[in-house]
Amino acid sequence: MTDMTGFVCTGYQGLTIERLIQLAQVAYKPDLVPKEAHHVLHDSFDSLQNAAHAGCAFCSVLVTTLHGYEENDNWIARSWRGAECEPGKSLFYHVQALPHSEVKVSIGTGSENSQEEFARVKVLDRVMVQIGANSITEQTGSD
Ligand SMILES: [Zn+2]
């Protein structure tokens, strides 16, 4: 068996802390991936899964993590169930059904002053991953 430790897919090309900070200077949301400025990891959830199956260390972590989070009507990975998560209730299950499932990354903060504007933020300590659009309206293209 080939040791895939350390292998990462092309989605991570150009993804550096410096790049994430540059993007945050363009558009910053402390706890959301900004629609205007983010790094696109994969253009679809299928592409993310393919990369994970090919052995990409980071994509594998993302896919595995989605299996362990329960979807609780807000689409935010907050209810960790791990191996106890029922497959039909997992974020993985729900994300598979999204018509638009671009996988994007930005940097933010989990600090108490998270609503501060970017110029005043002292710590960027959260890498955020979003799959799909920012809202159902955006997802379906209707209003
Ligand atoms: Zn990957």
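Trainee: What makes the 20 residues a nonpolar core?

Mentor: A nonpolar core is a set of buried Ala, Val, Leu, Ile, Met, Phe, Trp, Tyr and Cys residues joined through C-beta atoms within 7 Å. The largest such set here has 20 residues. L48, A51, C59, L66 and V95 have the most contacts inside it. This is a predicted model, where local features need pLDDT of at least 70, side-chain atom pairs count only at pLDDT 80 or more, and totals for chains, interfaces and linings use all residues. Residues are numbered from 1 along each chain as its sequence is written.

Trainee: Which elements give two or more residues to this core?

Mentor: They are α2 (45-53), α3 (57-68), α4 (91-96), β4 (103-108) and β5 (126-131). Helices (H or I, at least four residues) and strands (E, at least two) are DSSP runs, numbered from the N terminus. α2 gives the most, with 4 residues.

Trainee: What is L66 in contact with, leaving aside its neighbours within four places in sequence?

Mentor: S90, L91, F92 and V95. Contact means that two C-beta atoms, placed from the backbone, lie within 7 Å.

Trainee: Why is W75 called partly exposed?

Mentor: W75 has 18 C-beta neighbours inside 10 Å, so W75 falls in between. W75 is also found in the loop between β2 and β3.

Trainee: How do you know that the buried residues of α1 are on the same side?

Mentor: In α1 (residues 17-26) they are L20, L23 and A24. Their arc, taken from the directions from the helix axis to the C-beta atoms, is only 100°, so they share a side of α1. The face turned away carries the exposed residues E18, Q25 and V26.

Trainee: How are α2 and α3 packed?

Mentor: Their angle is about 115°, with the axes 7 Å apart. Axes are lines fitted to C-alpha atoms, for helices over the stretch in contact, and angles run from 0 to 180 degrees between N-to-C directions.

Key. A residue is buried if 20 or more other C-beta atoms lie within 10 Å of its own, exposed if 12 or fewer, and partly exposed in between; C-beta atoms are placed from the backbone.
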